[in-house]
Amino acid sequence: MKNAEEYIKTGILEMYVLGLTSEEENREIAKIADLNTEVRNEIEAITNALIKHAESGVTAIDPTIKPMFMATMDYTKRLEAGEAPTYPAILNENSKVADYAAWLNRADMVAPADYDNLFVKIIGYDAKATTAITWIKEGTPYETHKNEYEKFLIVEGSCDIVTDAKVYSLIPGDYLSIPLHVRHEVKITSKIPCKIVLQRVAA
């Protein structure tokens, strides 16, 4: 097992407190917490933070948290099963969908038919960037990034990315980078889900 600090960084304890872990994961976490004070204290801190958050009157939970967490768990399991890590190129104004064909054409890079609104498959991760193939049916709520640039390359479908200052209407092949501290949301404008190469790059 990873040491306590590495285990805490996986994000699984937040999911545990939110009741989003499986029975098997619940048993594992309970066992680890019983043996490790640091993990036990982290669970208590997360619980207290969520209670404080709820008491503040802000009850909505960011709907992107669970899909991103599940994607991280999926990627971790794939690496543990022997998948070689890859490092997709950083998206820029010259990026083309074909540049990511090696990942887009993989048989396992598909969204299940029954996902709710957002589904994510990570294709690369390092200290500089996380790259994922993302499917969005309806849209994502407003968010602001303080420490990372969010970059989009549209693969299928279409969407509007809305900031406080402008609406960017994107179709397949279009690229957009969101600067730091710019509030933005995604609204799907096509009848099919918008499939996107999504990248978050450390500032």
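Mentor: Let's start with N48, which sits in helix α4. Keep in mind that this is a predicted model, so everything I say is about a prediction. Helix α4 covers residues 37-55, and E38 belongs to it too.

Is N48 buried or exposed, or something in between? N48 is partly exposed, because its relative accessible area is 45%, and that falls between the 20% and 50% cut-offs. E38 gets the label partly exposed as well, since its relative accessibility is 43%.

Now for what E38 touches. If you skip its neighbours within four places in sequence, E38 is in contact with A4, E5 and I8. Take I8 from that list: 30 residues separate I8 and E38 along the chain, and their C-alpha atoms are 8.9 Å apart. For N48, I can give you a distance to I171, which is 123 residues away along the chain. There the C-alpha atoms are separated by 43 Å.

To place that helix in the whole chain, count the elements: the secondary structure comes to 6 helices and 9 strands. The radius of gyration is 18 Å, close to the 17 Å that the globule rule gives for 203 residues, so the chain is as compact as a globular protein of that length. Along its principal axes, the C-alpha trace spans about 50 × 45 × 35 Å. As for contacts between residues at least 6 apart in sequence, 66% of them join residues at least 24 apart.

Then there's the loop between β7 (175-178) and β8 (184-188), where you'll find H181. Its phi is near 65°, a positive value in a residue that isn't glycine. H181 counts as exposed, since its relative accessible area is 55%. P179 is found in the loop between β7 and β8 as well. With 45% relative accessibility, P179 is partly exposed. From P179 to Y75, 104 residues away along the chain, the C-alpha separation is 27 Å.

What about the cysteines? A search of the whole structure turns up 0 disulfides. C159 is worth checking: its sulfur is 4.0 Å from the closest cysteine sulfur, that of C194, which is too far for a bond because a disulfide needs the pair within 2.5 Å.

Last, the surface and the charges. Buried residues make up 37% of the 203 in the chain. The chain exposes about 11,800 Å², and carbon and sulfur atoms supply 54% of that. Its side chains include 22 positive and 31 negative ones, and the centres of the two sets lie 3 Å apart.

So, back where we began: keep N48 in view as a partly exposed residue of helix α4, with E38 in that helix making its contacts to A4, E5 and I8.

Technical notes. Residues numbered from 1 in each chain as written. Predicted model: local features only at pLDDT ≥ 70, side-chain atom pairs only at ≥ 80, totals over all residues. Heavy atoms only, no water. Helix = DSSP H or I, 4+ residues; strand = E, 2+ residues; numbered from the N terminus. Rg over C-alpha atoms; globule rule 2.2 N^0.38 Å. Buried < 20%, exposed > 50% of the residue type's maximum accessible area, 1.4 Å probe, protein only. Contact = heavy atoms within 4.5 Å. Areas by Shrake-Rupley, 256 points an atom, 1.4 Å probe, with all protein chains shown as cover. Lys, Arg positive; Asp, Glu negative; His and termini not counted. Charge placed at Lys NZ, Arg CZ, Asp CG, Glu CD.
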